[in-house]
Amino acid sequence: MESPEEKEVQVAAWLKKVYGDHPIPQYEVNPRTTEILYHLSERNRVRDRDVHLVIEDLKQKASEYESEAKHLQDLLLESVNFSPANLSSTGSRYLNTLVDSAVALDTKDTSLASFIPAVNDLTSDLFRTKSKNEEIKLELGKLEKNLTATLVLEKCLREDLKKAELHLSTLRAKVDHRLQNMDFLKAKSEEFRFQIKAAEEQLSARGMDASLSHQSLVALSEKLAELKRQTIPLKKKLESYLDLMPVIILTH
């Protein structure tokens, strides 16, 4: 692991390389900034190495293609004494098309043995892509139907929610009105109770019998109702006797 001093030296060298003849912007040198710039320089170094490898690989491939082209050209000249420079404009266009097709299909040469498998692979890829597109279309159709159904359901739920809110508002108004009436009735009942109590106290002060008080009268009323309830069966029994025919008793 490099020391902080070595990291500072590497950062300074990297910044000088990056900015070249331009002045390096001023920045606060501390362990944090040094560590950040050090990591950036390392990433830049790795990226430069990868780019260099890619460039070298492309150069090598270009050299191989040039050698192959030179080989094919020499072979063509040796076999039929033919040179691409002697082609007509149409022939040059066909040749360029052939070369472009070989590059696009990534074939090793322009022979039928190379073109036919490449075209077959491309056709297979095309069919697979079409099949995948059909699957995606079907899936999109299902999603659209589900989305439509969801939107319709959402609309219905919103309408139901509005109706429920309106109904709840109406019920709340009714409950509030009943609560107000209940409060009013409670207040009136309390007022009547105080008035009755005051009246009983006045009557009691004037010598009224306690048996005539409101509470006593209520108790007597309840007792009278109970006695009436108990006499109902006796009344019915008496009425059954009264409905009998009179019996004539003959005496000798």
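Leaving aside neighbours within four places in sequence, Leu37 is in contact (heavy atoms within 4.5 Å) with Val11, Trp14, Leu15 and Tyr27. The model is predicted, so local features need pLDDT of at least 70 and side-chain atom pairs count only at pLDDT 80 or more, whereas totals for chains, interfaces and linings use all residues. Residues are numbered from 1 along each chain as its sequence is written, and side-chain values use heavy atoms, without hydrogens and water.

Leu37 also belongs to the largest nonpolar core, together with Val11, Trp14, Leu15 and Tyr38. Such a core is a set of buried Ala, Val, Leu, Ile, Met, Phe, Trp, Tyr and Cys residues joined through side-chain atoms within 4.5 Å; buried means under 20% relative accessible area, exposed over 50%, and partly exposed in between (1.4 Å probe, protein chains only). At least two residues of this core come from each of α1 (4-19) and α2 (31-80), and α1 gives the most, with 3 residues. Helices are DSSP runs (H or I, at least four residues), numbered from the N terminus.

The structure holds 10 salt bridges, each defined as a side-chain nitrogen of Lys or Arg within 4 Å of a carboxyl oxygen of Asp or Glu. One of them joins Lys61 to Asp57, with the closest N and O atoms 3.6 Å apart. These two residues lie 4 residues apart in helix α2 and are therefore separated by about one helical turn. Lys61 is partly exposed at 38%, and Asp57 is partly exposed at 35%.

In helix α5 (residues 214-242), Glu226 and Arg229 are 3 residues apart, which again means about one helical turn. Their side chains meet in a salt bridge at 2.2 Å, N to O.
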